[in-house]
Amino acid sequence: MSSATKSFHVTLPEALYDELRCAAGEAEQPVTKFAQELMRAGLEQWRRTRRRQQIAAYARQVAGTAEDLDPEWERAGIESLTDER
């Protein structure tokens, strides 16, 4: 992590706060470090989900157009997945 850091205050419901502290204790990590790792993991998951949504939206948008998958390539792909070698 770079030496430049920023901080912000996040208000948590008491139950979530207690759960976070308990989980950090089980992981034997300071709560702040544990929370940072959770946020990094959550952001990465959010990015992956968002990217899948964008790809699906693009696929819906170009379905049936010249930018859609070539029918021969599509058949070849399906055959390669169903081929029982």
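Me: Which residues lie nearest the centre of the largest pocket?
Reply: Phe8, Thr32, Ala35, Gln36 and Met39 lie nearest its centre, among the 20 residues that line the largest pocket. A pocket is an open set of points on a 1 Å grid over the protein atoms alone where a 1.4 Å probe fits, with protein on both sides within 12 Å along at least five of seven lines; lining residues have an atom within 4 Å of a point. The model is predicted, with local features needing pLDDT of at least 70 and side-chain atom pairs pLDDT 80 or more, whereas totals for chains, interfaces and linings use all residues. Residues are numbered from 1 along each chain, and side-chain values use heavy atoms, without hydrogens or water.

Me: And which helix gives the largest share of that lining?
Reply: H2 does, with eight residues. H1 and H2 each supply at least two. Helices here are DSSP runs (H or I, at least four residues), numbered from the N terminus.

Me: At what angle do H1 and H2 pack?
Reply: Helix H1, residues 14–26, packs against helix H2, residues 31–62, at about 100 degrees, and their axes are 9 Å apart. H1 is therefore roughly perpendicular to H2, a label for angles of 65 to 115 degrees.

Me: Which residues meet there?
Reply: Leu20, Arg21, Ala23 and Ala24 of H1 meet Val31, Phe34, Ala35 and Leu38 of H2, where contact means heavy atoms within 4.5 Å.

Me: New topic: how many salt bridges are there?
Reply: The count is two, with a side-chain nitrogen of Lys or Arg required within 4 Å of a carboxyl oxygen of Asp or Glu. One of them joins Glu44 and Arg47, at 3.5 Å from N to O.

Me: Where do Glu44 and Arg47 lie?
Reply: Both are in helix H2, three residues apart, about one turn of the helix.

Technical notes: Axes are lines fitted to C-alpha atoms, for helices over the stretch in contact, and angles run from 0 to 180 degrees between N-to-C directions. Angles under 35 degrees count as roughly parallel, over 145 as roughly antiparallel, 65 to 115 as roughly perpendicular and the rest as oblique.
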